[in-house]
Amino acid sequence: MRFNIIKYPIILLALILLQKSFISVIALSKLNITPDIVLIAVIYIGIKEGKIGGSVYGFFAGLLLDILSGSFVGLLALAYTVSGFVAGFFKTEGDRFLSKYNFLLVTFICSLISCFLYYGLYSQGTSTGFADVMLLYVFTSATYTTLISMVILVIPKRKTLERGFTD
Amino acid sequence: MKRIGLVILDLKEYIILTVLIIFSLYFIFSNDNSQIRFLRAVAIGTFGTVQSGLTAIPNVFELQQENKLLRETNIKLANEISNLKESKLENIRLTKLLNFREENKLSFVSGRIVNKSLVQTRNTITINAGEADSVFINMPVVTVEGLAGRIVSTGRNYSIANILYNKDMRITVKSQRTRIDGILMYDGLQNLIMTNVLKSADLTAGDLIITSEYSNLFPPGIPVGTVTETGNLDNLFKKVVITPAVNFQTLEEVFILKHLPDKDRADLENSYQKKK
């Protein structure tokens, strides 16, 4: 656990830098839809550490991203806090939701919530309608983030590696 | 206490979530962009709607208090309206007086009636202008409408005038239309009568009666009243009833004309009368 307190912030910081620096390279369409790799990490932490861990790390990661982006401070903090908290509901013995396609499902649900909160509030007072926001931004971003989260599935787990060495 | 602690421990995840959401919202509403302005407007609108819905529920104690307050306000406003009406009427009267002052060539003193009698045979008014204001006996008292009376007694600051409804008043008058002369007097009951009018004289109801130049007491041409009734007094003279131009019931302000009888003329006429 102590190791995690150091590990998670470092991973989050690294992902935040990556998100702010290079992620625009893989942006989709002229709407500039990008995957949210920081959110994937927050969801992972939520599943791993529970509701408190997910919401606290989500809050600080979101706030840092808000500060770095310089506009609408607090919006990503709110979205990540709620997403991390919801991810915490999927914490189980044996990390069942971190395995295989369960993680993709949780990521999609939490991304939908996060994107809904973010774009829902961001589009207030603009001429973009609710259906457009949902279709063009919320579903697209959530789907893209879920697809990118598949990377986690190909990262070999410690247990698998240990099993491999003993075999 | 322990139980409360346990409840807090059970709810710690939700408490932390709530705190973090509150912080997030605090940061969000610290921004000043179009989205937040829109959300603020929506929040204010929603809050206003809810509040207006709640105010529809009557609160008996507040209603009592409000009623009391409204009654007090009502009384205050009624007083104010009364004062305003009084001011308006005074304004109308004073405007008329001002116009009269500008139109009249004779110099005069204005005065307010401080006392009056109307139901006796010798009715008078007391005016708050006296010798200190250059008011002297025999000066005519007029209003915007016409002749009111004549000063009969003066003090330093007050004076008393006989009004037309006084049996001692004798005024030489004439019809403006036909120039028929007569003497106006009060019959002691309720009428002003124009006497010495021959039966054949052309006087009809509505004719304006003015002061005559034969009078040494009053300047000529001041309206006195109108003819309201004509009939036969006897075989020789007409009975002509006059309604005065001045409404003595509502009279409040008057002017005292600085006009005194011509002394030479008065002396000559008096000496001639004595010789006779």
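B:Val109 lies in strand β1 of chain B, where strands are DSSP runs of E of at least two residues and helices are runs of H or I of at least four, both numbered from the N terminus. The model is a predicted one, in which local features need pLDDT of at least 70, side-chain atom pairs count only at pLDDT 80 or more, and totals for chains, interfaces and linings use all residues. Residues are numbered from 1 along each chain as its sequence is written, chains are lettered from A and ligands numbered from 1 in the order in which they are written, and side-chain values use heavy atoms, with hydrogens and water left out.

At 11% relative accessibility, B:Val109 counts as buried, a word that stands for under 20% relative accessible area, with exposed meaning over 50% and partly exposed in between (1.4 Å probe, protein chains only). Although 147 residues separate B:Val109 from B:Ile256 in sequence, their C-alpha atoms are 5.1 Å apart in space. Leaving aside neighbours within four places in sequence, B:Val109 has contacts (heavy atoms within 4.5 Å) with several residues, among them B:Ala129, B:Val135 and B:Ile256.

B:Ser117 sits in the loop between β1 (108–116) and β2 (122–127) of chain B, and B:Ser117 too is buried, with a relative accessible area of 16%. Beyond four places in sequence, B:Ser117 touches B:Arg122, B:Asn123, B:Thr124 and B:Ile163.

Turning to the helices, two packed helices are described by the angle between their axes and the distance between the axes. Here axes are lines fitted to C-alpha atoms, for helices over the stretch in contact, and angles run from 0 to 180 degrees between N-to-C directions. A crossing is left-handed if the near helix is turned anticlockwise from the far one by less than a right angle, and right-handed if clockwise.

| Helix pair | Angle | Axis distance | Crossing |
|---|---|---|---|
| α4(A) and α2(B) | about 165° | 8 Å apart | left-handed |
| α5(A) and α6(A) | roughly 145° | within 8 Å | right-handed |

The angle of about 165° between α4(A) and α2(B) makes α4(A) roughly antiparallel to α2(B), since angles over 145 degrees count as roughly antiparallel, under 35 as roughly parallel, 65 to 115 as roughly perpendicular and the rest as oblique. The residues of this contact include A:Leu78 and A:Phe85 of α4(A) and B:Leu17 and B:Ile21 of α2(B). In helix α4 of chain A, 14 of its 14 residues are buried.
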